[in-house]
Amino acid sequence: MNFQGSRRRGEDGIAMVIDFLLSNARLVLGVGGAAMLGIATLAVKRLIERAGRAADDEKVEQKMAESWEELSLVSASPTLIKKGIEGVVMKHVAKAARQQKADLCQQPQASPPEVVPKVESKSKRLQLCVLTLQERLQQYYHTRAALAPGEIQRAQSLALDICTEIQGFLHSRLPDMPLGEMNLGGSLLDDLQVVSADHACLLVPLQLEASLWRLVPGEETLLTHPLHWMVRRVNLEYFPRGRSYWDRYLVGGYLSAEAVVNMFSKAVMETINWPSISSTLDCLVRPVLGGPDLKLEIRPLDEFGAESGDEPLFISMLPLLREGDVVLSAQTELTAPWVNAWHLSLYPWENQRLSQLDTADGGHRRQTLKILKAVCRLNPALRPLEAAPLSNLILHLSDGESDWSESSLHARFQQCITELIGYLENGALHSYFKPAVNLLSGLSEDQVDQMGFMLYCAVTEPEILLI
């Protein structure tokens with residue numbers, strides 16, 4: 001590269017090289033190489049900033065040489081993403097990041113009097129310098145992650161109204177169907193929903209005769225999947241088929257989750273008079289047909305009876321079976337193509353464990369989880385990360401880390417980023433309660449590449465996740 005030209009040409013040339021490398025990094029280099037390039041960009045950025053502040057060509061060349069020396073310290077190891085983020089790479093990157101922040105804070109004071117910077121840009125820079133990561137996380141939690149109590153109450157009230165309508169319809173249309181009391185569940189009820197109250201879960205418990213049915217753990221089935229349980233019909237020699245209401249949904253001697261879902265789809269989604277319910281609740285209620293799950297879409301209406309521009313609320317009906325602390329749900333999208341398989345829900349165990357830990361030491365694990373959920377939902381590269389891997393990430397981290405106080409929120413947040421990078425590099429994050437389950441198995445290679453690149457860049461600049 002020729003650095004003897006004008007300063008403007010030099011900056012443009014470097015910028016073109018950086019843009020080209022970053023745009024093709026993940027395609028050519030993979031996670032490790034792309035992450036190294038992202039970190040190295042910090043040093044190149046300092047090179048450009050120093051060149052812009054230098055007074056003459058001689059100083060430009062001197063500052064460029066210093067920055068390239070720092071850049072050369074970045075290790076070229078093919079495995080840069082690893083648990084712990086150790087070694088010479090992180091030492092020099094952290095040094096470069098600290099110097100960059102210091103330069104950013106001092107820049108307004110060093111500006112010539114005759115230069116009038118943009119007020120908006122200057123205020124944002126000063127705000128970044130003044131706010132610590134701890135303060136930024138608290139601000140992010142209150143403005144993005146946490147929901148207003150009124151918003152939660154409105155969504156819960158609307159979901160309960162729908163619940164009452166559906167339960168009343170089933171009692172009148174199918175009075176002999178043995179169902180338990182329908183109620184709300186999931187993140188909306190447990191105050192773990194983030195960004196907006198846009199989905200709710202309606203639990204529909206099926207009542208089985210204990211002497212006629214047996215819940216078979218996934219490890220004991222032919223599927224050998226720890227989360228794919230089956231419900232076997234037993235004692236047929238004494239109680240032949242027909243003694244139980246649910247015998248009509250038997251497939252090969254097992255209660256079919258797919259058959260149960262299809263029954264509710266026809267009996268509820270395709271049969272209820274939704275326009276009548278819409279007029280009663282002053283909102284537009286309609287089933288979402290064509291998918292594997294039982295879902296309703298509720299849209300608020302304005303004063304003229306037309307659809308308002310507010311976000312819709314989606315309510316999912318979830319048939320389930322309970323036996324002790326075991327909860328099996330009919331989620332065919334998770335158990336396909338096995339028509340008889342029921343999904344073992346680990347969410348109640350995970351939520352209960354997090355609540356117990358926070359209650360015992362006054363910790364903020366659930367707050368940390370909500371921040372991570374909001375970050376992943378609002379960041380396109382991290383959106384494939386769902387709630388389950390993040391919950392288990394915090395549970396695993398809690399086994400070795402006891403300080404979850406509010407004052408250590410920033411440390412735990414950075415630690416979660418580091419740990420998550422290690423899990424992505426290994427390609428596995430095992431369930432806390434079912435170690436045989438890999439919670440990252442559903443991610444594609446391209447998704448892992450994008451998430452690894454974003455998180456690795458956030459190791460030294462975690463604020464980029466809070467934009």
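Predicted model: local features only at pLDDT ≥ 70, side-chain atom pairs only at ≥ 80, totals over all residues.
Leaving aside residues up to four places away in sequence, F264 touches L170, M177, L179, V204, L206, M269, L294, M317 and P319. Show these side chains together with F264 to see the contacts.

F264 is one of the residues with the most contacts inside the largest nonpolar core, along with I166, W246 and W342. This core has 60 residues. Which helix gives the most to this core? Select residues 149-173: this is helix α6, and nine of its residues belong to the core.

In soluble globular proteins, nonpolar side chains tend to be buried together.

Then select two cysteines, C163 and C457. C163 is buried, with a relative accessible area of 4%. C457 has a relative accessible area of 17% and is buried because the cut-off is under 20%. How many disulfides does a search of the whole structure find? The search finds zero.

Finally, zoom out and colour by secondary structure. The protein has 14 helices and 11 strands. Of its 467 residues, 46% count as buried. Taking contacts between residues at least 6 apart in sequence, 62% join residues at least 24 apart. Switch to a surface view to end the tour. The accessible surface of the protein comes to about 23900 Å², and carbon and sulfur atoms account for 54% of that surface.

Note on methods. Residues numbered from 1 in each chain as written. Heavy atoms only, no water. Disulfide = S-S within 2.5 Å. Buried < 20%, exposed > 50% of the residue type's maximum accessible area, 1.4 Å probe, protein only. Helix = DSSP H or I, 4+ residues; strand = E, 2+ residues; numbered from the N terminus. Contact = heavy atoms within 4.5 Å. Areas by Shrake-Rupley, 256 points an atom, 1.4 Å probe, with all protein chains shown as cover. Core = buried A, V, L, I, M, F, W, Y, C linked by side-chain atoms within 4.5 Å.
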